[in-house]
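Welcome, and thanks for taking a look at this one with me. Please keep the sequence and the 3D view side by side as you read.

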Amino acid sequence: MGETNILKYLEKTSPQALIDVLNSDLEQTAKRYNSFCQLINDRLAIHNSLHYNHSPINSGFNRRTRMDLIKNTRDLSQAFDRLASLLNQSSFKKLDKGRIIPYDFTAWIDVGIKLTKEQINDYIKQVENVLKELFDFKIKYRLND
């Protein structure tokens, strides 16, 4: 997924570049999330109108940046929660040794006064883990985009 390259890149750059990478990551996440929701609607008849819109984050590392980041984090978290709820109610259950395991797509960051590269890197990893789980779901049910 290229995650390692992104994390190394972030260590050597400015806060503005960090926000640029996060914006790019959230934009790609929106595309992949929306594509997945459309795919399960069309191919598995899991009817939904789920959609996530990424709002660009101001790169000035100021109050506006913080508010944009909070909004995006909240919106993506809610989108992931709605998708998990939808899949948990579907006939496409997640099983482990015959037991139903609820889908739990969690990606969260505490946007405090100070925001570190480590926090953003951890958030990117969490989002990537959710996207990997969606990819695994597509493989399991033989869905092709």
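The report below goes through the helices, the core, the aromatic rings, the charged pairs and a few backbone details.

## About the model

This is a predicted model, in which local features need pLDDT of at least 70 and side-chain atom pairs count only at pLDDT 80 or more, while totals for chains, interfaces and linings use all residues. Residues are numbered from 1 along each chain as its sequence is written, and side-chain values use heavy atoms, with hydrogens and water left out.

## Helix α4

Let's start with helix α4, which covers residues 117-140. Helices here are DSSP runs of H or I with at least four residues, strands are E runs with at least two, and both are numbered from the N terminus. With 24 residues, α4 reaches 34 Å from its first C-alpha to its last, close to the 34 Å expected at 1.5 Å a residue; the expected span is 1.5 Å times one less than the number of residues.

Which residues of α4 are buried? They are I120, N121, Y123, I124, Q126, V127, E128, V130, L131, L134, F137 and K138. Buried means under 20% relative accessible area, exposed means over 50%, and partly exposed lies in between (1.4 Å probe, protein chains only).

## The nonpolar core

The largest nonpolar core has 40 residues, and the members that touch the most others are I40, L83, L87, F105 and F137. Such a core is a set of buried Ala, Val, Leu, Ile, Met, Phe, Trp, Tyr and Cys residues joined through side-chain atoms within 4.5 Å. The elements giving two or more residues to this core are α2, α3 and α4, and α2 gives the most, with 12 residues.

Leaving aside residues up to four places away in sequence, L87 touches F36, I40, I46, F92, Y103, F105 and F137. Contact here means heavy atoms within 4.5 Å.

## Aromatic rings

The structure holds seven aromatic pairs. Rings of Phe, Tyr and Trp (its six-membered ring) pair if their centres lie within 6.5 Å; planes under 30 degrees apart count as stacked, over 60 as edge-to-face and the rest as tilted. One of the pairs, F36 with F137, is edge-to-face, at 5.5 Å centre to centre and 75° between the planes. This pair links distant parts of the chain, with F36 in helix α2 (residues 15-44) and F137 in helix α4, 101 residues apart.

F36 is buried at a relative accessible area of 2%, and F137 is buried at 5%. Both rings belong to one aromatic cluster, formed by F36, F92, Y103, F105, F137 and Y141.

## Salt bridges

Six salt bridges turn up across the whole structure. A salt bridge is a side-chain nitrogen of Lys or Arg within 4 Å of a carboxyl oxygen of Asp or Glu. E133 forms one with K94, the closest N and O atoms being 2.7 Å apart. E133 lies in α4 and K94 in the loop between α3 (63-89) and β1 (95-96), so this pair ties together parts that are 39 residues apart in sequence. Both partners are partly exposed, E133 at 22% relative accessible area and K94 at 27%.

K132 and D136 meet in another salt bridge (3.0 Å, N to O). Both lie in α4, four residues apart, about one turn of the helix. K132 is partly exposed at 41% relative accessibility, and D136 is partly exposed at 35%. Elsewhere, salt bridges that share partners join K71, R74 and D75 into one network.

Most residues other than glycine have a negative phi. A45, in the loop between α2 and α3, has a positive phi near 55° and is partly exposed at 48% relative accessibility.

Finally, D42 lies in helix α2 and is exposed at 52% relative accessibility. The D42 side chain makes a polar contact with the side chain of Q38 (2.9 Å). A polar contact is a pair of N or O atoms within 3.5 Å; within protein, one must be able to donate a hydrogen and the other to accept it, and residues adjacent in sequence count only if both atoms are side-chain atoms. The C-alpha atoms of D42 and G60, 18 residues apart along the chain, are separated by 41 Å.
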